[in-house]
Amino acid sequence: MGKFSLRLPALAMVLATFAGAQSVTSGLASKVDSFRLANGMRFVVVPRNNSPSLTIRMYVAAGKTDEPLGKRGVTRLMELMLREGPLSIGSKDVTAEQSAMRAMDLSYDDWMNARQSGLTADRHAPQQAEIRFRVQKERAKATYRAGFFERLLEQHSIRFSSSVQADYSAFSWSLPSDRTEIWFKTQSEWLRQPSFRGFYEARDKLKASIIQELDLNPSSRLERETIRTVLNDSQYTAMMGNPEELDEIRIADAEAFLHSAYRPAQISVAMVGDIDSARARKWADQYFGKVPAGTQQSAPPQPTPSQSATPKTLEVAYGGPRISAVVYPRPPREHADDAVFDVITLWMKREMALARETLEENHQTNITVTPAQPGDRYKTVFTMTAPVIPGQSFDHGEQAIQSLIEALGKEILPDSTLNAIKTQTLAHLLERMETNQGLADLLADVQFRSGDWKALDSEWKRISQVTAADIRRVADTYLSDEHKTIIRLGAKGAGR
Amino acid sequence: MKGTWLFLLLAAVLTPQTTAPRKAPARATTKSAQKIGTQKSEEAAKKAPAPAASVTEYDLALKIPPRGIVKLPPFEQFSLDNGLRILLNTDHELPQMHGTLLVRAGRIHAPDGMQAVPQMVADALRAGGTRGFVGQKFDDRLTELGAKLQFDVGPVVTTIRFSAPSASAEKVIELVQKLLTEPAYPLEAIEAAQAHVHTLVDRRNNDLLQSARNNATRPYFSPATPFFRPLEHEGIDGIGREELRDFQTSWYLPSNAVLAVSGDISRQNVLTLSNWPRGTLRPEPKLLLAPPKATTLYVANLNKSGKGAFVVAMLAGRPALREVAAFHIAAELFGRGFDTAEQNRQSSWELVFDNHLEPLPTGDSVFQIRGTTRASTLTGSIQIAMRELSRLTSGDFTNQQLAQAKDQYLRKLAERYPYRKEILEDAAQLLLDGMKPESGVQVWQESLLVTKADITKALHLLKPSQAVVSVIGETFGQLQPFTDLRLPTENIETSIAAARPVPPRSDAAGLEQARRWLTKLRGAMGGDTKVSQIRSFRATLNGTVRIREGIVPVSFSQMWIAPNVFRQEQTLPSGKVTAFYDGKIGWLSANQNIAALLSHVVGQLQGNLFRLPWQIGLSGTDPKITLGYLGSGTVLIQDDSGNSVRAFLDEETGLLLRTRYTVPQASGSPTQVEDRFSEWVDAGAGLQIPTRIVTFQGGYPVRDLKMERFEINGNLTIQEIEKKP
C-alpha cells in the first residue's frame with residue numbers, strides 16, 4: 001500500500017460523527033446590521049466591542065476582467081492611487097494640482113503623438129516633447145506633498161492593505177475604533193475626488209513589474225497560458241492584454257474608470273469590531289451618501305473563442321522555476337458543483353499529508369491544488385501544479401498528479417473521511433470568523449457576490465451536504481483525461 | 001528638582017560628564033495633533049491657504065473621541081470540588097469554544113539539575129497523547145474533532161490552549177482531562193521532547209533581546225537559584241519517563257491551575273474536569289531576591305551580524321495599580337523627547353526601544369529599559385537611554401508627548417488583546433497569581449488617567465543603585481568602550497557546551513540482560529561463529545528518498561572490510577556522491593570534486609559502521625562497549641568514541657527490528673533517526689541479514705531501501721574500496 005488511497009489510518013475504526021449542516025451565522029444574526037445606501041453602496045456591520053479596534057473590508061466588483069479594452073492594468077493602478085488619498089488631503093493648492101494633472105495628460109499626449117509621427121517633420125520633436133512632459137511632472141509634484149496621505153494614516157495608526165484579483169478588488173483597513181470617522185471621511189472623499197499623485201511614475205513601475213512577473217513568476221505565467229489555451233472562450237480572456245497597454249492609460253482614463261467601476265453599487269463594505277451600528281449608518285449616509293451613483297460601464301466584450309483546438313500538452317519557455325501543471329475546465333462558483341470542487345481540494349491536501357507516511361516513487365507531496373483559477377465568476381479551471389525535481393523530467397510530477405486524480409475516481413470516499421474533512425472545514429471557517437479580519441473578509445465577499453451576508457450559511461451548508469457520490473460524479477465529469485490539459489512551464493526549446 | 005539626584009547618581013557612573021536636564025526641544029509641537037472640538041466645513045478647509053505641512057498638525061476637521069479601552073468580557077467564576085478555578089464566558093456568537101488552562105508548572109518548578117523537565121513534560125504530553133489515544137492517534141482524534149491543542153512553557157506557568165467547534169467541546173475537554181490524568185508518555189514522545197529541548201538550547205542565543213533580558217534578570221537571584229539559568233545540553237538525555245511523571249503529578253494539579261473558557265459553552269461542558277484528581281501539591285519553590293549590591297554591567301560577547309541588544313533593569317518594588325499604569329506609559333515615552341541629533345543617532349544606530357515593566361516570580365517588578373541597536377553602539381545607546389530616563393524622571397516632557405505615549409500604549413493594548421479569549425486568559429493569569437481577575441483591566445483604565453506627576457512618582461520608585469545592565473552582541477569594535485560606563489563588569493559565557501553521552505543505567509542484572517539479548521540476536525542471525533566471521537560485505541541497495549522537491553529514486557553501493565574500511569556511493573537523479581573512510585582518514589567525491597571528509601561526515605560514517613547489524617550483535621562480546629538494558633528487548637549500546645544506538649529486538653525471534661540513533665550535522669543539534677529492518681533473508685550458510693531498511697525522521701519515512709545484491713566474505717579488496725572516481 002503506498003498509492004494514494006481512500007483510507008483513514010486507525011481513524012476509520014472510529015466513526016466520526018459529523019455535526020451536520022449546523023448554522024455558522026445564527027449566533028451572529030442578532031448582532032449584524034446590514035444596509036444599503038440610496039446610491040447602492042452596501043454595508044455589513046458587526047459590533048464586537050471588547051477591544052477598541054476595527055477592521056474594514058471593502059470589495060469592489062472591478063477586477064482584472066473588468067478593465068476596458070486596450071487599458072489593461074488600470075485596476076492595479078487604482079489600487080496604487082488609493083494609497084495617495086483624496087485630492088483634499090495633502091494638496092498645497094487643489095486648483096493648481098488639478099490643472100497640473102490635466103496639463104500632464106496633455107503633455108503626455110503630445111509626447112506620444114510626436115513619437116508616432118515618426119521621422120517626418122522634426123526628428124527632435126519626440127525628445128523635446130518628452131522633456132516638456134518631464135517638466136510638467138515636476139510642476140505637478142510641486143502642487144502636493146508626496147506620501148502625505150500614507151503618513152497621515154500612519155499617524156492615526158490606520159493600516160491598509162489591498163489586492164486586485166481577476167473578479168474583484170479588495171481593500172482592508174485595520175484601525176483604532178476612535179479613528180473610524182477618519183476612514184469614512186477620507187475614503188468617501190477619495191471616491192468622489194481622488195488625487196492621482198505620482199500617476200505616471202506608478203504606471204511605469206507597474207508595467208516593469210508585470211513584465212517581470214510574466215517572465216519569472218510561475219503563477220502569473222501559468223494563469224496567462226491557461227487563459228490563452230483553455231479558457232479562450234471564457235470572460236477571463238479580458239485579462240489577456242499586454243503590459244504595453246499601460247502606456248495608453250492617462251489620468252483621465254483612470255478617473256473615468258473610477259467613476260464607472262468604483263461606483264457605489266459596485267462596492268460592498270464589511271466592518272467588524274468596535275463599532276456602533278447606528279453611528280455606522282449615520283456616517284455611511286453622511287459621507288458615502290454623497291458619492292454620486294455614477295454610470296454603469298459598458299459590458300465587457302464577449303470573448304471570441306479561438307478556432308484552434310485546446311492543446312493536450314503545452315510547453316512554455318520562461319525564466320522562472322520549472323513547473324508541471326494539469327488543468328481541467330470547470331463551471332463558475334454559482335454552479336451547484338462548486339462546493340464539490342472545494343471538498344475535492346481538501347481531500348487532496350489531506351491525502352498528501354497522509355502520503356508522508358510512505359515513500360512510493362511518483363508520490364509527490366508538494367502538489368498545489370487550486371479549485372478555481374484565475375477566479376470563479378466565470379467558467380474557470382481546476383489546477384494542480386507540481387515543481388519539477390532537479391534531474392527529473394516533467395513526467396514525474398504529472399504522474400504524481402495523475403495518481404491523485406485516479407485515486408479520487410477509483411473508490412467511493414468513506415463517510416468517516418468525508419466527515420473528517422467537513423469537520424476540519426468547519427473548524428477553519430470558525431477560526432476565520434473569530435477574527436475581525438476573517439469575518440470582515442467573509443462577509444464582504446459573500447455580500448458582494450450574493451447581496452446578502454446570510455449567504456455565508458448557505459455556502460457552508462453546500463459544502464456540508466456534499467456526498468461521496470457527488471465527488472465521484474464531479475471527478476468523472478470534469479477531471480477526466482479528455483478534459484485535461486498539461487502545461488509545462490520552463491520546458492526547454494519551447495517557443496514563447 | 002528631585003529627578004536631578006537620580007540622574008546625577010546614574011549619570012555619574014554611566015557618563016564621563018554630567019549634564020543638566022535638557023529642556024524640551026524647540027519644535028512646533030504646541031498645537032495638538034487633533035483639534036478636538038474644532039469644527040470647520042469641508043469647503044472652508046479647501047479654501048484655507050497653506051494647509052499644514054506636517055501630518056501631526058493636519059486638521060481633518062473631525063472630533064476624535066477619546067481612545068477606547070479593552071474591556072473584560074462578562075464571566076462567571078466558580079471552582080470545582082477538586083479545587084480547579086474556572087472563569088467562564090458564554091457567548092453564542094459562533095459555534096466555537098476556546099479554553100486556556102494555566103498551570104503553575106513552569107521553569108522555576110524544575111527539579112534541581114533538570115531544567116529541561118517542564119518543557120519536556122509539555123512536549124511529551126502533547127506528542128504522546130493519552131493511554132486511550134497514543135501518539136499519532138491522539139493527533140488524529142483532535143483532527144477528527146476539529147480541535148487544536150498547544151502547550152507553552154513559561155518561567156512560572158505552563159499554558160495549555162485548546163479550541164474546537166462547540167459540538168466537539170465536551171469531547172475535547174474530556175481529552176484534555178485524560179491527558180492530565182492518563183498520559184501515555186511513549187518512548188518516541190520522550191525522545192522527541194529531548195530532541196526539541198536540545199534544539200532550544202542550540203537556539204538560545206538566536207534572540208539577542210531575550211538573551212539580554214535573561215542576563216539582566218538572573219543577577220537579581222542568588223546563584224543557587226536555578227531560575228533563569230540558561231538551559232544546557234547536559235543532562236537532557238538522562239531525563240526519562242519517571243522524571244516526567246513525577247513532575248506532572250507534583251504540579252499539574254487542579255488546585256494549582258485556573259481554566260479560562262469562552263464561547264459557545266456552558267458550565268455543564270466543563271464538569272468533566274472534576275475527574276482530575278486533587279493530588280498532593282508540592283510547596284512552591286522559594287525564590288528570594290538577592291539584588292546586586294552595586295550597579296553592574298554584564299557583557300555577553302556574541303557575533304550576530306553586527307546586531308546588539310541591551311537591558312538596563314531596575315527594581316521597582318511592588319507598585320500600586322496607578323504606578324503600574326504609569327510605568328507602562330513611561331515605557332512608551334522613551335524617545336519622544338529626542339532632539340534632532342539624538343533622532344539622527346537613533347536612526348543611524350538602528351536603536352529601537354522595547355521597554356517594559358516585568359513581573360518577577362517573587363511578586364516584585366523590575367522596570368527594564370531595553371533595546372536593540374548596532375553592536376558597535378551599545379555604550380552610546382545605553383547612555384542615550386539613561387539620559388532619557390533621567391529626563392522623564394525629572395518631568396521634562398510635554399503633555400503632548402504624554403498624550404502620544406498613552407495613545408501608543410492603548411493601541412498596543414488593543415493589538416495584544418483583540419478578542420475575548422486573550423482578555424479572559426489575562427484575567428485567569430491574575431487569578432492564578434493571587435490577584436483579582438479584574439486588576440488587569442483596572443490597570444488599563446488607570447492608564448487613561450495617568451498624569452505627568454504619576455510618571456515622575458513611579459520612576460522615583462526605581463532603585464538605580466542596584467541596576468543591572470546587560471549587553472549582548474559583538475563586543476569588539478565598539479565606537480565607545482564599555483569602560484565609559486564606569487561600571488564593574490562581569491563577562492557572561494555565551495558558548496553552548498555539548499552534552500557528554502549519558503551512560504546507560506545498568507546494574508549487573510541489566511548488563512546481563514543486555515548481553516543475553518545480543519546473544520539471542522547473534523543466534524537469530526546464524527550463531528556466534530557465523531556472525532563473528534563476517535569480514536567483508538558488499539551490497540547494492542535501491543529505493544526512494546524524500547528530498548525537498550519530492551520523492552526520488554536513489555541507489556546505494558556499499559563496501560566494507562573489517563574493521564573500519566568503508567565505501568559508500570549514493571546516486572540520485574541529480575548526481576553521485578562517494579565517501580571513503582578507513583578508520584582514520586577519508587575523502588568525499590561529488591561532481592568531479594574530491595575533498596577531505598568534514599568531521600561531521602566522519603561521525604556519520606563511524607556511526608554507520610557502528611550500527612551494522614552484525615556489529616550490533618557482536619557488541620555483546622566486546623569489552624570496550626558499554627551496554628544497558630532498557631526493557632522489552634531494547635538494548636543501549638555505546639562506545640567511548642561517542643557512538644550510541646538503541647537496538648530494539650523482536651521479543652520472539654531476537655532479530656533486530658529497529659535502531660534509534662542521532663546523526664551529527666554540520667551545525668546545530670544532531671538529527672534523531674530511526675532505521676527499521678525487515679525482509680530477513682539467508683545470505684548463505686544460514687547467515688541471516690535484513691534486506692529492507694526504512695529510515696524515519698520526525699516520525700515520517702524519509703528513505704526506503706531494498707538490498708538487491710549482496711555478497712558476504714567475497715573477494716572485495718581494499719584497493720577496490722579506496723579507488724577514487
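Visitor: How many positive and negative side chains does chain B have?
Guide: Chain B of this predicted model has 82 positive and 73 negative side chains, and the centres of the two sets lie 4 Å apart. Lys and Arg count as positive and Asp and Glu as negative, while His and the chain ends are not counted; the place of a charge is NZ of Lys, CZ of Arg, CG of Asp or CD of Glu.

Visitor: What share of chain B is buried?
Guide: Of its 725 residues, 52% count as buried, meaning under 20% relative accessible area with a 1.4 Å probe and protein chains only.

Visitor: Switching to chain A, what is the strand order in the open sheet of six strands?
Guide: The order is β1-β2-β6-β3-β5-β4 of chain A, with mixed pairing, where strands are DSSP runs of E with at least two residues and two strands pair if DSSP finds at least two bridges between them.

Visitor: And which are the edge strands?
Guide: They are β1 (33–36) and β4 (159–164) of chain A, each of which pairs on one side only.

Visitor: In what sense do β3 and β5 of chain A pair?
Guide: Strand β3 (residues 53–60) and strand β5 (residues 169–176) of chain A pair in the antiparallel sense over eight bridges, and Leu54(A) has Leu175(A) in β5(A) as its bridge partner.

Visitor: How are the residues and chains labelled?
Guide: Residues are numbered from 1 along each chain as its sequence is written, and chains are lettered from A and ligands numbered from 1 in the order in which they are written. In this predicted model local features need pLDDT of at least 70, side-chain atom pairs count only at pLDDT 80 or more, and totals for chains, interfaces and linings use all residues, while side-chain values use heavy atoms, with hydrogens and water left out.

Terms used
Buried means under 20% relative accessible area, exposed over 50%, partly exposed in between (1.4 Å probe, protein chains only). Helices (H or I, at least four residues) and strands (E, at least two) are DSSP runs, numbered from the N terminus.
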